[in-house]
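Trainee: Could you walk me through how to read a fold like this one? I would like the general idea first and then the case at hand.

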Amino acid sequence: MSLLNFGINKLTLGKVNPKGDFFGSLKSVYDTIQADRNAAKSRIGEGLQRSFNESYQSLLKETIDVNMLESVLVYMYKEEHIYGDLNAALRQHDCTEKSITSAEYNLAAYATALLATLLYWQTLPEYSGTTFRVMGHVPNIDQVLEKYEVGSNVVFPAFTSSSRVPLLHFGTSDEFILLKIDNSQHSFWSPNDIAKLSDITGEQELLYPCLAEFKVMSRLAKKPYKTKFYHTIQIQLVENDNSLSDDAIPFGRSGQLHFFLILLALINSMS
Ligand SMILES: NC(=O)c1ccc[n+]([C@@H]2O[C@H](COP(=O)([O-])OP(=O)(O)OC[C@H]3O[C@@H](n4cnc5c(N)ncnc54)[C@H](O)[C@@H]3O)[C@@H](O)[C@H]2O)c1
């Protein structure tokens, strides 16, 4: 069972089956959290306590008022403790049959609760202006650039940070990538403005839920930045409505997402 499916299972005590209706299941997860935040907190905390104790301590400390749970889930993402492992796990599981480690199982409920919160929590403002994302450490630049062929679609399997302004100082490799993202299309995956929930001022962060899909619009010639160079790629968030049905998800337009969902279905059918 995939990481997110395991999270759905854990948070709903197996009452919701993601098979065939993955996105509807995430709405059920969100409703389950809203119905009993204390129970959700304890199910998320159970795994974190085993493998991510610092995040577990934050969860306990910041949710003394359990009505804060949704904002704390986002706040925890912005702490240093868990996001690296979380995103690494989501990137690895989108296109391989790598078995899930115990640490990954232990973050599954948190990952799924965070995804459901970003998708359905109305309090978090969505942003439709232009965002910028620096892919700062790209040692294999040619290999990565190949994936951004103009006219093709790309899917980001992990939660993805961006900002209202280009944070070029995140560039660490000799050549890196600046994504300029047009979010004007109506999309299920519009970025969420999380600046108010973060301790880090200056980033003005807009966070995309995992599995956001983009169309590559154009690529510009590389430019210098201090002693380095960066390649600007203009991409556009793919349009769709906010329907909960899997039919609304643009399977056919993305090989990677299509593959991911086939894999989910395959793994489900075996579990
Ligand atoms: N990157 C930004 O523009 C940006 C904007 C706002 C806030 N932040 C904050 O900065 C911190 C680090 O963010 P991050 O975006 O570097 O973390 P990340 O975990 O998304 O990325 C980690 C590293 O992996 C590389 N990477 C990520 N996706 C890739 C892909 N599809 N192909 C090739 N390489 C890829 C990146 O270049 C980066 O060096 C976080 O706290 C984040 O919230 C970053």
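Trainee: Why is helix H5 (residues 69–78) largely enclosed by the rest of the structure?

Mentor: First, some ground rules. This is a predicted model, in which local features need pLDDT of at least 70, side-chain atom pairs count only at pLDDT 80 or more, and totals for chains, interfaces and linings use all residues. Residues are numbered from 1 along each chain as its sequence is written. A residue is buried if 20 or more other C-beta atoms, placed from the backbone, lie within 10 Å of its own, exposed if 12 or fewer, and partly exposed in between. Helices (H or I, at least four residues) and strands (E, at least two) are DSSP runs, numbered from the N terminus. Now the case: 7 of the 10 residues of H5 are buried, so H5 is largely enclosed. They are Leu69, Glu70, Val72, Leu73, Val74, Met76 and Tyr77. In the protein chain, 39% of the 271 residues count as buried.

Trainee: At what angle do the axes of H4 and H5 cross?

Mentor: Axes are lines fitted to C-alpha atoms, for helices over the stretch in contact, and angles run from 0 to 180 degrees between N-to-C directions. Helix H4 (residues 53–62) and H5 have axes that come within 10 Å and cross at roughly 145°. Contact requires C-beta atoms, placed from the backbone, within 7 Å. Here Ser55, Ser58, Leu59 and Glu62 of H4 meet Val72, Tyr75 and Met76 of H5.

Trainee: Which strands pair with S6?

Mentor: Two strands pair if DSSP finds at least two bridges between them. S3 and S6 run antiparallel, joined by 4 bridges, and strand S5 (residues 192–193) is joined to S6 by 2 bridges, also antiparallel. Leucine 206 of S6 is the bridge partner of serine 162 and of aspartate 193.

Trainee: Are the faces of strand S6 covered or open?

Mentor: Both faces of S6 (residues 205–208) are covered, with Glu205 and Leu207 buried on one side and Leu206 and Tyr208 buried on the other.

Trainee: Which residues are closest to the ligand?

Mentor: A residue counts as near a molecule if its C-beta atom, placed from the backbone, lies within 6 Å of it. The ligand is surrounded by 15 residues, the closest being Val134, Met135, His137, Ser161 and Ser163. Strand S1 (131–135) and strand S3 (160–163) are the elements that give two or more residues to this shell.

Technical notes. Contact = placed C-beta atoms within 7 Å.
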